[in-house]
Amino acid sequence: MVVLGVESTAHTASVGVVDGEAKVLGLASDMYRPPSGGIHPREAANHHVDVLPGLVATALAAAGVRPRDLDAVAFAQGPGLGPCLRAGATVARMLSLAWRRPLVPVNHCVAHVEIARALSGLDDPLLLYASGGNTQVIAYGRGRYRVLGETLDIGIGNFLDKLWIGLGGTFPGGPALEAEARQGTELLPLPYSVHGMDVAFSGMLTATLALRDKGAARPDLAYSVESTAYSMLTEITERALAHRRKTSVALGGGVACNERLRAMVRTMAEGRGAEMFAPPRALCVDNGAMIAWAGELALSSGRTVSVERSAVQPRQRTDLVPTPWRETTGRGFAR
Ligand code: ATP
Ligand code: FE2
């Protein structure tokens, strides 16, 4: 089957076309970058409305696929910013009606997880999903993805973005902070906030800005933040691996682009005799291909939705969404 997926949960508008083997046939993305400060939902939504029609055309052309070759149109139903979600959902509904193809709702977090699982070829990995709005350690169990641990306050990416803006930079902060951290040499003391399987970042944000006010150098701050925050994520991932007796871990989400995080989780996993996989960067960040692939899986177990019942769900949680394809169809390396 060939599915077109529309992603628009936050700052990125993206359209992907994927085949039944999770091969990305076409992918076109355009990220909204606020001129200063953080993301304004309505401005981002206006951006998505402007660019999505062109992205649909570009992704189809790159794939060499005509609308009549498609089996379904998938869209990110949630979680995300309401106005942004509605922009993508409106485009997907329109395409579904115009092309007479089923409409498939997809949970954005499940899509990050499923693309990582498909690309890794791993059967049943533990997943560390680290993005702007979300930070979760996830494992599959009895019909859906279970959240074993997560952030108690803000997502790690939002933390890095806010911090970088506080240090005088612009959005997105994660990649810039990574470059800055490479110049750092001194490990400054920051709150290490692990609570069982959960983590928290807002105390580290305050403490880092306080150190800056006392004259700490920005490269050292960046280096210390990466060291501390990624150690916290590595610790809860290791604890989950041990408790769930998993033999592999896959990364997903925009922060999984980070070399340091990848290296730390890899070292931990290999030390336990487990495998570690991180997708290519274009498929770690928000992208329409992961929505299309999760749409393939959902379609294979009949999870389509009528336009009338396709309202977006800005707070839809990972563990609220049934994933029957892992039980019933054997698709996507399911158990
Ligand atoms: P979600 O809706 O899944 O929470 P999102 O909308 O924030 O995700 P993603 O594209 O999954 O979007 O993640 C974006 C985040 O990833 C941003 O916070 C960005 O700073 C961060 N990021 C991107 N590249 C890197 C990097 N190299 N190092 C650290 N963080 C990064
Ligand atoms: Fe995301």
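Helices here are DSSP runs of H or I with at least four residues, strands are E runs of at least two, and both are numbered from the N terminus. I recorded that this is a predicted model, in which local features need pLDDT of at least 70, side-chain atom pairs count only at pLDDT 80 or more, and totals for chains, interfaces and linings use all residues. Residues are numbered from 1 along each chain as its sequence is written, chains are lettered from A and ligands numbered from 1 in the order in which they are written, and side-chain values use heavy atoms, with hydrogens and water left out.

**Entry 1: ligand 1**

I found 26 residues around ligand 1, of which Tyr129, Ser131, Asp161, Glu178 and Asp286 come nearest; a residue is near if one of its heavy atoms lies within 4 Å. The shell divides into nine nonpolar, 14 polar and three charged residues. In this scheme Ala, Val, Leu, Ile, Met, Phe, Trp, Tyr, Cys and Pro count as nonpolar, Asp, Glu, Lys and Arg as charged, and the others, Gly among them, as polar.

Ligand 1 taken alone exposes 640 Å², and the protein buries 93% of that; the areas come from the Shrake-Rupley method with a 1.4 Å probe. Helix 3, helix 4 (156-166) and helix 5 (173-181) each give two or more residues to the shell.

His108 in helix 3 (residues 108-120) and Asp286 in the loop between helix 9 (281-284) and helix 10 (288-300) link distant parts of the chain, 178 residues apart. Both His108 and Asp286 are buried, that is, under 20% relative accessible area, whereas exposed means over 50% and partly exposed in between (1.4 Å probe, protein chains only).

I located Asp124 in the loop between helix 3 and strand 6 (126-130). Asp124 is buried at 15% relative accessible area, and its side chain makes polar contacts of 3.0 Å with that of Lys246 and 2.9 Å with that of Arg326. A polar contact is a pair of N or O atoms within 3.5 Å; within protein, one must be able to donate a hydrogen and the other to accept it, and residues adjacent in sequence count only if both atoms are side-chain atoms. Ser227, in helix 7 (residues 218-244), is buried at 8%, and its side chain has a polar contact of 3.0 Å with that of Arg260.

**Entry 2: backbone**

I noted a cis peptide bond from Gly78 to Pro79, with omega near -5 degrees. A cis bond also joins Phe171 and Pro172.
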